[in-house]
Structures are given as C-alpha cells and as structure tokens.
Amino acid sequence: MSQATTSTATQTVHWHPAPAPASTPSQRWSVEAIQALLDLPLMDLLFQAQSVHRQHWPADEIELATLLSVKTGGCPENCGYCPQSAEFDTGVKAEKLMSVEEVTRAAKAAQDAGATRFCMGAAWRAPKDRDIEKMNELIGAVKGLGLQTCATLGMLQPHQAQSLREAGLDYYNHNLDTAPEYYQDVVSTRQYQDRLDTLAAVRGAGISVCCGGIIGMGEEVVHRAGLMAQLANMEPYPESVPINSLVPVPGTPLADSEPVDPLDFVRVIAVARITMPKARVRLSAGRQQLGEAVQTLCFLAGANSIFYGNKLLVTGNPDVEADTQLLRKLGLRGLQTQAAA
Ligand code: SAM
Ligand code: DTB
Ligand code: SF4
C-alpha cells in the first residue's frame, strides 16, 4: 500500500489512501481492493470511513428499526447459524403466523419507543402465495401506523415481490451472508444463486434491498472481502446493509465458532461504509456481545442503523433503556422523520 505525506504548518501527516475501485462499471470493487482496505492501519481505515460517512449522512443520526418474528421456527433450511432451523435442536418451537392485531400492537409499541422502521421476519424457506396474502395484511397494518416496513420471508418469486410492493413493503431483507465460495460451508439446502435470484425479484418489483451478511462463522478475511465485493458491485448496491456478528446459539452447527476479534468486525463496518457510501449500514445482530466501546467504534466507522428492542428474532438484544442511554452518551440521536420509500 502506498503512503501519502501531507505537510501542514505544524506537522507532517502520513496517511494511507483508500485503494481505488476497479474501473469497469460492472466490477466497481475487486476482492483484492477490498482486502487492501481491510488490511489498512485501523486509524486510517476509520478516518476514511468517517470522512465518507460525513459526506453522505448526518454524523449524529441513527436509524432505529425494531424486529419482530411474526412466524417463528420450524424452518426446513439448514443455515448453520440459525436457531430457527428445524434440523437443529435449539429449543426454539415452531409457531404459527401472528395475527394482525398482535403485530399491530407490537409495531405501535415500537413506534412509541422511537422506532421508525419495523422489520417482520418469518422462518420460511419460501412463502406460499397464501402466506404472501397474509403478510400483505400485516404490511398494510404496519404501514398504516406511519412506520417504514421491512420483511424477511425467504425466497420470493417475482409475482410475490410485486404483491408485497403493492401492499406497501418498503424494504426486503435477504442476506448473502458470506462470500460465494464459503456459502456451502454454511448452508447446503440452497445455492448462492437462489439468493441472487430473490434479490433480483425484489429489485425488479421496486422494493428497496436490504442485504448483508454475518461475520464470525469461521470465514477467512478473503471471504469477508468477497461478501463486500458481492454487495458493493450490485447494480445498484443495496440501500440497506446489515452486518451481523454471529450470535452463537447452542445446538446450531456454528455454536462453537472461534469468536472474531471485535476490531476486525469494526473493519468490516468501515469497509461497508466506504464501498457503499449511500447505504444505511446496519450494526445488526451481536451487539450484546460487542459491548458499548466496540459499538461506538462501529458508529465511528459509519454504522447508522441498529435493531432497537429487547429481542432480535429469537435471541436477545440490548434493552431499549441501555440503547437510549448509549445514544445519549455519544451525542447520537434516533432518526425522527422517515424518508418516503
Ligand atoms: N428465513 C429468512 C431468510 O433466511 O432470509 C429470514 C430470516 S433470517 C433469520 C435473516 C438473517 O438473520 C439471516 O440471513 C442471517 O444473516 C441473520 N441471522 C440469523 N441467525 C443469526 C445468528 N445466529 N447470528 C447472526 N445473524 C443471524
Ligand atoms: C439481519 O441481517 N439480521 C436480523 C434481520 N436481518 C432479520 C436477524 C438477526 C437474527 C439473530 C438471531 C435470532 O435472533 O434469530
Ligand atoms: Fe430458515 Fe432463514 Fe433461519 Fe435459514 S436463516 S434456517 S432460511 S429462518
């Protein structure tokens, strides 16, 4: 990596410039260029990420999104990280889809607590058309409260994505999770291409794309770079990029994964910010294990969205009081008004 030198009146400042993205439009970022970013001295990487962040976003604004598992457990897929797969003995019981009344109550409570976005998750491999009809009712009810709506329901066909859009869905979450070459180590019941096909259906229906991955599944740095390259080279790249730190759940195949150095997690957040400047970078699962100081570094690295509420889907999350206090301590504020999608 080349090093630039800038002289000022009082001091000489050394800094490492970001590697330039690859020049072909279909490959804005090569895996190598992203790996070089990940390898930068941490202070240089954080400085660049925060500089990019301030060019594109208010420096003190954090989106608060609340998650609700509207259909829990019993999933036929075998994603190695997931407590909701029917293949693993995790103690999560399969439940039916929640009613409109229950979901509306939860969404209203989230809104009253300060959330502007409400994300509904269902442990389906791929919803049936009749599931989509029921989801459309839930989406209409949540949207009716004035919240932004997000859903993550598994694989979609184009007509299903279209139907969700017509019901008022703003975002669809569907993660690539890791690099293509590591994917089969994590899940074998579907292919990477299946994920890409669903993302194309979502994009084609005019729904904003929420797509990211998980760090800490035993992957190499090159796989983290490979995931980031996949995301950053999408045309266009996702509007919303959740970066999850693996929550190791007993009973899942990845429960005993080697924990990641928290500073390496911060690096991935910074790279997401640099390579996808206009995306909302979401500091997602795993905040309980990261602690306040590391979360603070993640915000400095450009994260500007968190899951807000005492629970993620089935595992824990920092409670609302702790998050409110943390944001206050840091001089950050929850996003107040929602942009129309
Ligand atoms: N069934 C749908 C699907 O797979 O797209 C939606 C729900 S799924 C739980 C949503 C995402 O949560 C996964 O793609 C994964 O990135 C993340 N996730 C699930 N379990 C996790 C865990 N234990 N730690 C971190 N992230 C996790
Ligand atoms: C995402 O990327 N992370 C969220 C959301 N999208 C749906 C889910 C995290 C799940 C963590 C484990 C659990 O509670 O099931
Ligand atoms: Fe099912 Fe989604 Fe969990 Fe995979 S991540 S097992 S598809 S709920």
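1. Start with ligand 1, where a nitrogen atom is 3.0 Å from a polar backbone atom of Y81. The side chain of R195 puts an N or O atom 3.0 Å from an oxygen atom of ligand 1, and a backbone N or O atom of V247 is 2.9 Å from a nitrogen atom of the ligand. The protein buries 90% of the 550 Å² that ligand 1 exposes when taken alone (accessible areas come from the Shrake-Rupley method with a 1.4 Å probe).

2. Before going on, note that this is a predicted model, in which local features need pLDDT of at least 70 and side-chain atom pairs count only at pLDDT 80 or more, while totals for chains, interfaces and linings use all residues. Residues are numbered from 1 along each chain as its sequence is written, chains are lettered from A and ligands numbered from 1 in the order in which they are written, and side-chain values use heavy atoms, with hydrogens and water left out.

3. Who else is around ligand 1? There are 16 residues around it, and T152, N175, D177, R195 and V247 come nearest (a residue counts as near if one of its heavy atoms lies within 4 Å). By class, that shell has 8 nonpolar, 6 polar and 2 charged residues (Ala, Val, Leu, Ile, Met, Phe, Trp, Tyr, Cys and Pro count as nonpolar, Asp, Glu, Lys and Arg as charged, and the others, Gly among them, as polar).

4. Now ligand 2. It has 13 residues around it, with N173, N175, N244, V314 and T315 nearest. A polar side-chain atom of T315 is 2.8 Å from an oxygen atom of ligand 2, and one of N173 is 3.0 Å from a nitrogen atom of this ligand. L313 uses a backbone N or O atom instead, 3.2 Å from an oxygen atom of ligand 2. On its own ligand 2 has 410 Å² of accessible area, and the protein covers 88% of that. Its shell holds 8 nonpolar, 5 polar and no charged residues.

5. Ligand 3 has C75, E77, C79, Y81, C82, S85, A123 and R190 around it. By class these are 5 nonpolar, 1 polar and 2 charged.

6. E77 also turns up in a salt bridge with R125, their closest N and O atoms being 3.2 Å apart (the cut-off is a side-chain nitrogen of Lys or Arg within 4 Å of a carboxyl oxygen of Asp or Glu). E77 lies in the loop between β3 (61–71) and α3 (100–112) and R125 in the loop between β4 (117–122) and α4 (129–144), so the pair ties together parts that are 48 residues apart in sequence (helices, H or I of at least four residues, and strands, E of at least two, are DSSP runs numbered from the N terminus). The whole structure has 15 salt bridges.

Terms used. Polar contact = N/O pair within 3.5 Å; in protein donor to acceptor, adjacent residues only side chain to side chain.
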